[in-house]
Amino acid sequence: SLDENPAELRDFQLLCPPAGESKAVVYYTSLRGVRRTHEECSTVLEIVRSYGVSVGERDLSMHQAFRQELKELSQSCAVPRLFVRGRLIGGLEEVSRAHEKGLLARLLQGIRREDHSKACDGCGGARFMLCLDCNGSCKILAEDGSGEKIQCLECNENGLIRCPIC
C-alpha cells in the first residue's frame, strides 16, 4: 500500500505498469540505432541496478508488447522511462537528478533486493531466449499432420520467449 512507501512517491504521477506495484520498472531499448537514446537507456539501467533492487527490465526492441504497455501508460514510447512502485519517475534527466539528490535511494527503499553482478544462466542477462517450440522461427507444424506451418503461439514477433529462469 502507499502508506508503506516513501512519502516522496506521492509527488510522482500514478501510472502503474503491469506487475510494477512493488518494484522498479525500466522501459528501455537495447538497440544501438540512435546512439544518444541507447546511452540514456544504459545510464538509467546502470543507475537503478546500482541500488541492488529488483528491476523489471522491459526492452521495447525485444518485445512489441512492452512498447504497447508504455504507450498505454504514458501516451508515448519515449525511452528510457523509470517507474517505481507504480509511479512515473521519468527519463534520464529526472532519474539523474533524483539520484544526485539522494531521492532515488529513498524511493527505492524497501524494494526486494537482487544481485545484478552475475548474468542469468539461461539468457545471459538478455531476459529473453529463443522459443523452445519453434526455435525462433515463429512457425510450427500444424498438429493435424498436414505439414502446414502455422504461427507459433508461445513466442513473440521475434521468435523469443521471456526467460523462465530470471
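**Salt bridges and a hairpin**

Reply: Glutamate 57 counts as buried, because its relative accessibility is 4%. Buried means under 20% relative accessible area, exposed over 50%, and partly exposed in between (1.4 Å probe, protein chains only). The model is predicted: local features need pLDDT of at least 70, side-chain atom pairs count only at pLDDT 80 or more, and totals for chains, interfaces and linings use all residues. Residues are numbered from 1 along each chain as its sequence is written, and side-chain values use heavy atoms, with hydrogens and water left out.

Me: How many salt bridges does the structure hold?

Reply: Side chains of opposite charge can pair when their charged atoms come close. A salt bridge here is a side-chain nitrogen of Lys or Arg within 4 Å of a carboxyl oxygen of Asp or Glu. The number of salt bridges in the structure is eight.

Me: Is arginine 49 buried, exposed or partly exposed?

Reply: Arginine 49 meets glutamate 57 in a salt bridge, 2.9 Å from N to O. The relative accessible area of arginine 49 is 32%, so this residue is partly exposed.

Me: How many residues apart are arginine 127 and glutamate 57?

Reply: The side chains of arginine 127 and glutamate 57 form a salt bridge at 3.2 Å, N to O. Arginine 127 sits in the loop between helix H4 (103-108) and strand S5 (128-130), and glutamate 57 in strand S2 (residues 55-59). Helices (H or I, at least four residues) and strands (E, at least two) are DSSP runs, numbered from the N terminus. The pair links distant parts of the chain, its residues lying 70 residues apart.

Me: Which residues are linked in a network of salt bridges?

Reply: Glutamate 57 pairs with arginine 49 and also with arginine 127. Arginine 127 is buried because its relative accessibility is 17%. The linked residues are Arg49, Glu57, Glu114 and Arg127.

Me: Is arginine 36 buried or exposed?

Reply: Arginine 36 forms a salt bridge with glutamate 40, the closest N and O atoms being 3.0 Å apart. Both lie in helix H1 (residues 35-49), four residues apart, about one turn of the helix. Glutamate 40, at 18% relative accessibility, counts as buried. Arginine 36 has 62% relative accessibility, so this residue counts as exposed.

Me: Which residue in S4 is the bridge partner of leucine 82?

Reply: Strand S3 (residues 81-84) and S4 run antiparallel, joined by three bridges. Two strands pair if DSSP finds at least two bridges between them. In S4, the partner of leucine 82 is glycine 90.
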